[in-house]
Every structure is written in structure tokens, then in C-alpha cells.
Amino acid sequence: MGTVIICALLILIAVYAVISYRKKISSGCCGGGDSEVKIKPKDGNRSNYEHSATIHIGGMSCQNCAVRVENAFNKTDDYYARVNIHKKSGEILSKKIITEDDVREIIEKCGYTLTGMSVEK
């Protein structure tokens, strides 16, 4: 009897794993089935941004993650951001001085970590 229960549990775990894996393949790691919708910055002219920085982000694993970080910056008036999931990095342009604390706060609110940052100007 105990063997039957263990086999049933293993089958249930295997079915759940296959369903989860199919969901991940079709929807990215973040699941949900829907892709993140990109938010464009309010000011799309890159020359209007005086300051720039390159950031390195930990914890991203799919394009939805990258778009989520971009959106967090782009929905504010002062930032223009582009994130590359393959390099796990991004470029941030800003109309104000870029501080590591501000950038870290925005990234951590998205559920990721700032692993490095270099300010160009």
C-alpha cells in the first residue's frame, strides 16, 4: 500500500513539473502567459538627457524581466532606459544627476538587484 501512495505522489509531481515547464517555455520565466507591454519614455529624444550610466542587473532571466526594469525607469519623467537581457545590463539616460541609491531603489522595487553601475557623465 505504501508503494502505491509513493508512486501516485511521484506521478503527481511529474505531471506538475511538465505543466510548469510547458508554461515556462511558452510564456517566459515569469509565467502569466502575457508579455510585458513596453512603456516608452515621455521624452523620446535621447539628446535631451544630460547624464548617462551603465547598470548591471542581477536576477533577470527573460525578456519580460528586462522590459519590467525598462518600464520602471521609462514611466518617470527624468529617465530613458534600455535593458539587454543577454548582457544583463542596461543604459540609463537621465535629465538629472544619476545616483546609485536612486537606481538601486527602482531596480529593487522590480524584484532584481543592482550588481554594478558606472556613470559616464
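What follows is a run of questions about labels and the values behind them.

Modeller: One thing before we start. This is a predicted model.

Colleague: Fine. What makes up the chain, in helices and strands?

Modeller: The chain holds three helices and four strands. Read from the N terminus, the order is α-β-α-β-β-α-β.

Colleague: What share of the residues is buried?

Modeller: Buried residues account for 33% of the 121. The accessible surface is about 7700 Å², and carbon and sulfur atoms supply 58% of it.

Colleague: And which charges does the chain carry?

Modeller: There are 17 positive and 14 negative side chains. The centres of those two sets are 8 Å apart.

Colleague: How far apart in sequence are the residues that touch?

Modeller: Take the contacts between residues at least 6 apart in sequence. Of these, 67% join residues at least 24 apart.

Colleague: Now single residues. Why is I92 called buried?

Modeller: Buried means under 20% relative accessible area. I92 has 0%, so I92 counts as buried. I92 sits in strand 3. Its contacts beyond four places in sequence include H51, A53, F73, Y80 and V103.

Colleague: Why does I57 get the buried label?

Modeller: The relative accessible area of I57 is 2%, so I57 is buried by the under 20% cut-off. I57 belongs to strand 1. Outside its sequence neighbours, I57 touches V69, V83, K88, I107, Y112, T113 and T115. K87 is 30 residues away along the chain, and its C-alpha atom is 9.1 Å from that of I57.

Colleague: Why is H51 called buried?

Modeller: H51 has a relative accessible area of 17%, so H51 is buried. The cut-off is under 20%. H51 is in strand 1, which covers residues 51-58. Its contacts include I92, S94, I98 and K121, leaving out residues up to four places away.

Colleague: What makes S89 buried or exposed?

Modeller: S89 has 12% relative accessible area, so S89 is buried. Again, the limit is under 20%. S89 lies in strand 3, residues 89-94.

Colleague: What makes the phi of K88 worth a look?

Modeller: Most residues other than glycine have a negative phi. K88 is not a glycine, yet its phi is positive, about 55 degrees.

Colleague: Why is S118 called partly exposed?

Modeller: S118 also has a stated value of 34%, so S118 counts as partly exposed. The limits are under 20% for buried and over 50% for exposed. S118 lies in strand 4, residues 113-119. Outside its sequence neighbours, S118 touches A53 and T54. I98 is 20 residues away along the chain, with 10.0 Å between the C-alpha atoms of S118 and I98.

Colleague: How do you know that S118 and E120 make a polar contact?

Modeller: A polar contact needs a pair of N or O atoms within 3.5 Å. The side chains of S118 and E120 are at 3.3 Å, and the pair is listed as a polar contact.

Colleague: Last one. How do you know which residues M117 touches?

Modeller: Contact means heavy atoms within 4.5 Å. By that test, M117 is in contact with A53, T54, I55, I98, T99, E100 and V103, leaving aside neighbours within four places. M117 is in strand 4. Y16 is another matter: 101 residues from M117 in sequence and 40 Å away in space, C-alpha to C-alpha.

Technical notes:
Residues numbered from 1 in each chain as written. Predicted model: local features only at pLDDT ≥ 70, side-chain atom pairs only at ≥ 80, totals over all residues. Heavy atoms only, no water. Helix = DSSP H or I, 4+ residues; strand = E, 2+ residues; numbered from the N terminus. Buried < 20%, exposed > 50% of the residue type's maximum accessible area, 1.4 Å probe, protein only. Areas by Shrake-Rupley, 256 points an atom, 1.4 Å probe, with all protein chains shown as cover. Lys, Arg positive; Asp, Glu negative; His and termini not counted. Charge placed at Lys NZ, Arg CZ, Asp CG, Glu CD. Polar contact = N/O pair within 3.5 Å; in protein donor to acceptor, adjacent residues only side chain to side chain.
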